[in-house]
Amino acid sequence: MPACRRPRAMSAGPAPAAYEGCVGCHGANGEGVGAAGPAIAGQPAVYVADQLRKWRQGARRNDPRGVMQIASAGLSDAEIAALAAWLAAQSAARAPASAVATGSPSDAAWEAPAASRA
Ligand code: HEC
C-alpha cells in the first residue's frame, strides 16, 4: 500500500521503510487502529525515539503481550530516528471511523460532548 501523502505543510514525505512493520497496529499514518493499536502520530520525536530504544533494550515492558518489545527488537538507531521524525510530523488526528466500531468507553466519550453525558 503506498504511503498516504497529506497536503500539509509539515508533511515529512513517505513513511520510512521500517514503518512497514508498524502499519498493521498503528495505521498508515500513525493514526491508530483502535484499542489494540494506539495512535502514535504527532508526538515529539524525542519521546517516540526514547520509547522505542527503551523497548528495544527491555527497559519499558508495560505493553500487553510484549508486542512493542518484539516490534522494536530489530530496529537500528538510524531507523528509530527516521521513524520518530516521520511520526512527529504526522497529523495527530483521531483514528478513522472504522476503528471507532470497537465501541470502547473512550470511543463513546469522544463521540458524546461532555454536556450531553447524563
Ligand atoms: C502487534 C502490534 C504492534 C506492532 C507491530 C507495533 N506496535 Fe507500537 N504499540 C502497540 C501497542 C499495543 C502499544 C501500546 C503499548 C502500551 O500501552 O504500553 C504500542 C505503543 C507504541 C508506542 C508508544 C506510544 C506512547 O505513547 O508511549 C510507539 C512510539 C510505537 N508503538 C511505535 C511503533 C513502531 C515505530 C512500530 C514499528 C516498528 C510499532 N510500534 C509496531 C502495538 C504494536
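How many residues does helix H4 have, and how far does helix H4 reach from its first C-alpha to its last? The legends below answer this and then move to other parts of the predicted model.

**View 1. Helix H4 spans residues 77–89.** Helix H4 has 13 residues. From first C-alpha to last, H4 reaches 19 Å. That is close to the 18 Å expected at 1.5 Å a residue. The buried residues of H4 are Ile 80, Ala 82, Leu 83, Ala 84, Trp 86, Leu 87 and Ala 88. Helix H2, residues 45–56, is included in what covers them.

View 2. H2 has twelve residues. H2 reaches 16 Å from its first C-alpha to its last, close to the 16 Å expected at 1.5 Å a residue. Val 48, Leu 52 and Trp 55 are the buried residues of H2. After H2 comes Gly 58. The phi of Gly 58 is positive, near 85 degrees.

**View 3. The largest nonpolar core has 15 residues.** The residues with the most contacts inside this core are Ile 40, Val 48, Leu 52, Leu 83, Ala 84, Trp 86 and Leu 87. H2 and H4 are the elements that give two or more residues to this core. H4 gives the most, with seven residues.

**View 4. Leu 52 and its contacts.** Leu 52 is one of the buried residues of H2. Leu 52 touches Ser 72, Leu 75, Ile 80, Leu 83 and Ala 84. This list does not count residues up to four places away in sequence.

**View 5. A shell of 21 residues surrounds the ligand.** The closest are Cys 22, Cys 25, Asp 63, Val 67 and Ala 71. At least two residues of the shell come from each of H1 (23–26), H2 and H3 (67–73). By type, the shell divides into 14 nonpolar residues, six polar and one charged.

**View 6. The whole protein, for orientation.** The protein has six helices and zero strands. Along the sequence, the pattern reads α-α-α-α-α-α. Of the 118 residues in the protein, 22% are buried. Among contacts with a separation of 6 or more, 65% join residues 24 or more positions apart.

Terms used:
Residues are numbered from 1 along each chain as its sequence is written. This is a predicted model: local features need pLDDT of at least 70, side-chain atom pairs count only at pLDDT 80 or more; totals for chains, interfaces and linings use all residues. Helices (H or I, at least four residues) and strands (E, at least two) are DSSP runs, numbered from the N terminus. The expected span of a helix is 1.5 Å times one less than its number of residues. A residue is buried if 20 or more other C-beta atoms lie within 10 Å of its own, exposed if 12 or fewer, and partly exposed in between; C-beta atoms are placed from the backbone. Two residues are in contact if their C-beta atoms, placed from the backbone, lie within 7 Å. A residue is near a molecule or strand if its C-beta atom, placed from the backbone, lies within 6 Å of it. Ala, Val, Leu, Ile, Met, Phe, Trp, Tyr, Cys and Pro count as nonpolar, Asp, Glu, Lys and Arg as charged, and the others, Gly among them, as polar. A nonpolar core is a set of buried Ala, Val, Leu, Ile, Met, Phe, Trp, Tyr and Cys residues joined through C-beta atoms within 7 Å.
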